[in-house]
Amino acid sequence: MDITEIFLEKLRKEYRSLVAVKDLTLKVEDRSLVTLLGPSGCGKTTTLKMICGLIPPTSGEIYFDNVKVTYLRPQERKAGLVFQDYAVFPTMSAFDNIAFGLKIKGVPKREIKKRVMEVAETLNIVEVLNTMPGRMTQSELQSIALARTLVTNPSVLLLDEPLSNLDAAFRIRMRAELKRLQKEIQQTVIYVTHDQIEAMSISDRIAIMNLGVLHQYGTPSEVYNQPKTKFVAGFIGSPPMNFIDCTFLEDVGCLDLGFGRLDIGKFKDIVDEEASSSELIMGVRPEDIKVESKPEFKESMEIVVEAYEPLGDEAIVDADLGGNLVRMAVPITLTANPGDKKYVRFDLNRIHIIDKKTENVIV
Amino acid sequence: MRVSGKLVVERKMASVTFEKVSKSFRHKKVLDSLTFKVEDKEFFCLLGPPGSGKTTTLRVLAGVEKADEGEVYIGDQLVNDLPPRYRDVSMLFETLALFPNKTGYENIAFPLKVRKSPETKVRERVMEVAKLLKIEHLLDREPRTYSGGERQRVALAKAIIRKARVIILDEPLSNIDALLRLNMRVELKRLAREIGQTIIFSTHDQVEAMSMAERICVLYDGRIHQIGSPSQLYEHPEDKTICKMIGSPPMNFFDCTYEEKGNMAYLTGPIKLDVTNYASQIRKAESQELVLGIRPGDITVSTEPSSEKAVEATVITSEPIGSKTIVHVKTTGGTAIDVIGEPWVEYRMNDEVWLVIDENKIHIMDRKTEKVLV
């Protein structure tokens, strides 16, 4: 099998005064699944279109296996794009749909049949090959759209929000299916989505973009546990990370949270050195706040419960902490009513300290 | 009753009772003999997928749709033939229905103005509600300048301004983005507590229903499947529909057969379990054909055979989603199971793992009737 490694070098796209993608440098390793993740308008789809050659970049280069393809036409670069709405021909059977790409290339009939059957077997759609698209389920349509691209043997498969048309329960099944398939056929895939859970669950690595700028590129574990900017910290994870405005008290090495003080001990020096001012933000995930009914420890801080949301096996306690709505995930065995007093503790190893001005994560 | 020429509905208990209410559109029965009671001041939810009859139920209560059969009571009053405006209910539609050419203030004040309340009273009340919903700064602006969340708040203010006996919210959080929805959930809950009125809302999102409502009524295909508190629905579902609908990721189901050997009772099939403790309940089933339901979170997955009962399986894929990992595995017999693993543990394709099922948390259903036995 050919090796496909994709390298984007300072890729840039401008539309008049708008910079849609700003000097993006990214390396997609062979046989890996990389997701471009971000809210709408972050430049992820523009990037995808530049990779497959539908729009030319303003500057920068694109390499497939060290070969420059920046100005090659789409059909010359072997990138297979699957559209969001599948774009399956309604008047052709599944077989004809899948065979279409090969037919117009003039591949002999026997060869076509062989390759279509091969792909159909991998995707488990052999039984529907003679069916018309109008009679297919969403998952079958999706598989046909995928098969149609895979059959042309692309060096990279590009997927633009492939699961966004499906209902919630089905989406969860399909994303697991896609992940299994990608590992099985060992195909390099670039995947675009705005759904962070989808990105986390499916990717080898995630590139998180906002307003055309790449904020972080890393494994799901890296972007979740070691976010580099406030945007990444807030975008990844559900319910999202809590942000609490605080002030750094240099002389005592504490964060003044407004409702209590947190001694940051070992992080004092690094905060001292790297923070642009004493105005900081403490970021902490809902599951990383310890909530207790009694002030058992000297670092316990008192909070007043605003709402209690049971979710089955766990619950979310909401409280106002120093003017910020803070969510805490607790086991369902801990119950609370609005107005109740509870006590919270923060684990130093599970908090993030963010520079309020630059929005970079310091710790 | 009329007091000095004005119609006044006596303000007392505002419970809502549906007695065998049915409704059909052409030949399609959309509500099939619904019977439920919403207590005074309760925060009550109708949960169901699209097309299950939630909106129709709410419209029947508001009076914009008429029931074919059955009775609808608000408090002790039979309201079947009472026109909407005399029912004293207010309804927030899914589309919010704000007047685009009126300011926030005029929109919120509208329900009082059409009822000819004196201007000073209207102003006082609008200010009160605006403060409650923290929208004082939006009163002078028009809806087109609002963000999604602001529109939602103003529409809510309009729905609660009148202190109607019953407040109806149809899919109140469906039009806003995910993050805002989390905040609005808390806010709606706080609001419900503070205004102390009967509120009925509908949603298709089980998380929304579970997190907000005091009690939930699950509708499916126009029929009520279960009414209960969030914890009742989660821990004691009554039929397979509830099992499927509540909880995420969804419950695993396995077709099993019941067998007795001497004093012992077993489930055989893709998963084998000793169910001697549940034998008396299982015998109530119509046949030996059962369905075993286990939530992904009630199965522990480990990389070593941790106990005698551990079931051997191989990993198909795993999905790290932050605070936990969803692991898709396959038993040696080929049965696919979803389980919850530790966060940030790597479960690679074809890794061997062992599963231990928490036998206190299993659900056993009759395959034919789909009723939960255990």
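# Briefing: domains, core and chain contact

Chain A is divided into two domains, with domain 1 spanning residues 6-235 and domain 2 spanning residues 242-355. The model is predicted.

**Domains of chain A**

- The C-alpha centres of domain 1 of chain A and domain 2 of chain A are 39 Å apart.
- Contact between the domains involves four residues of domain 1 of chain A and five residues of domain 2 of chain A.
- On the side of domain 1 of chain A that touches domain 2 of chain A, two residues are nonpolar, one is polar and one is charged.

**An open sheet in chain A**

- In chain A, four strands in the order 2-1-4-5 make up an open sheet with antiparallel pairing.
- Its edges are strand 2 (18-28) and strand 5 (67-68) of chain A, each of which pairs on one side only.
- Strand 4 (residues 59-64) of chain A is joined to strand 5 of chain A by two bridges in the antiparallel sense, and A:Phe64 stands opposite A:Val67 of strand 5.
- Helix 1 (residues 44-52) of chain A lies across strand 1 (6-15), strand 2 and strand 4 of chain A. This helix runs at about 120° to strand 1 of chain A.

**The largest nonpolar core**

- The largest nonpolar core holds 191 residues, of which A:Leu158, A:Ile190, B:Cys45, B:Ile168 and B:Ile200 touch the most other members.
- Helix 5 (residues 148-160) of chain B gives the most to this core, contributing six residues.
- Leaving aside neighbours within four places in sequence, B:Ile168 is in contact with B:Leu58, B:Leu61, B:Ala62, B:Val89, B:Ser90, B:Met91, B:Leu92 and B:Ile200.
- B:Leu58 and B:Leu61 are also among the buried residues of helix 1 (residues 54-62) of chain B, together with B:Lys54, B:Thr56, B:Thr57 and B:Val60.
- After helix 1 of chain B comes B:Gly63, which has a positive phi near 95°.

**Contact between chains A and B**

- Chain A brings 29 residues to the contact and chain B brings 30 residues.
- On the side of chain A that touches chain B, at least two residues each come from helix 5 (168-185), helix 6 (196-202), helix 7 (220-225), strand 16 (301-310), strand 17 (314-321) and strand 18 (324-331) of chain A.
- Helix 5 of chain A supplies the largest share of that side, six residues.
- By class, the side of chain A that touches chain B comprises 16 nonpolar, five polar and eight charged residues.

Technical notes: Residues are numbered from 1 along each chain as its sequence is written. Chains are lettered from A and ligands numbered from 1 in the order in which they are written. This is a predicted model: local features need pLDDT of at least 70, side-chain atom pairs count only at pLDDT 80 or more; totals for chains, interfaces and linings use all residues. Domain bounds come from an automatic or database domain assignment. Two residues are in contact if their C-beta atoms, placed from the backbone, lie within 7 Å. Ala, Val, Leu, Ile, Met, Phe, Trp, Tyr, Cys and Pro count as nonpolar, Asp, Glu, Lys and Arg as charged, and the others, Gly among them, as polar. A nonpolar core is a set of buried Ala, Val, Leu, Ile, Met, Phe, Trp, Tyr and Cys residues joined through C-beta atoms within 7 Å. A residue is buried if 20 or more other C-beta atoms lie within 10 Å of its own, exposed if 12 or fewer, and partly exposed in between; C-beta atoms are placed from the backbone. Two strands pair if DSSP finds at least two bridges between them. Axes are lines fitted to C-alpha atoms, for helices over the stretch in contact, and angles run from 0 to 180 degrees between N-to-C directions.
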